[in-house]
Amino acid sequence: MPCYRCGARQTDPVRGASPWQRGVRNESQVLICPDCQRLHDLDLDACGTCGSTALICRLGEVECRSCGAVWMARSDTPLSGSTAPPPPGLSAEVEAALNRVLGRT
């Protein structure tokens, strides 16, 4: 999954914690690259109880990691504009990676 703001994709992780951050926007889980994390206005959803943006979305629920509040995600919320378009050449890169892994030439 690419960064929702700039479309950058994660590379193979090094040992240790990932510098990428998870967030919730329009009640959908998104990833935020280290460069975009430096921005102050990430436009992420906030908890209605405590105002924290430390949210996770799973199985149709949104949970606040700060206060523990849980609510159902609205399934009818349009997701348009919540992610950046895939970078050009993504399908070619995926095909090349699959060919390397599967030993195709």
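Here is a short chat about some charged residues and a helix in this predicted model.

Guide: Ground rules: this is a predicted model, so local features need pLDDT of at least 70, side-chain atom pairs count only at pLDDT 80 or more, and totals for chains, interfaces and linings use all residues. Residues are numbered from 1 along each chain as its sequence is written, and side-chain values use heavy atoms, with hydrogens and water left out.

Visitor: What makes Arg25 and Asp43 a salt bridge?

Guide: A salt bridge needs a side-chain nitrogen of Lys or Arg within 4 Å of a carboxyl oxygen of Asp or Glu. Arg25 and Asp43 meet at 2.9 Å, N to O, so they qualify. Arg25 lies in strand E1 (residues 21-25) and Asp43 in the loop between H1 and E3, so the pair ties together parts that are 18 residues apart in sequence.

Visitor: Why is Arg25 called buried?

Guide: Buried means under 20% relative accessible area, exposed over 50%, and partly exposed in between (1.4 Å probe, protein chains only). Arg25 has 14%, so it counts as buried, whereas Asp43 has 45% and is therefore partly exposed.

Visitor: What makes the span of helix H2 close to the expected one?

Guide: The expected span is 1.5 Å times one less than the number of residues. H2 (residues 90-102) has 13 residues, and its 18 Å from first C-alpha to last is close to the 18 Å expected.

Key: Helices (H or I, at least four residues) and strands (E, at least two) are DSSP runs, numbered from the N terminus.
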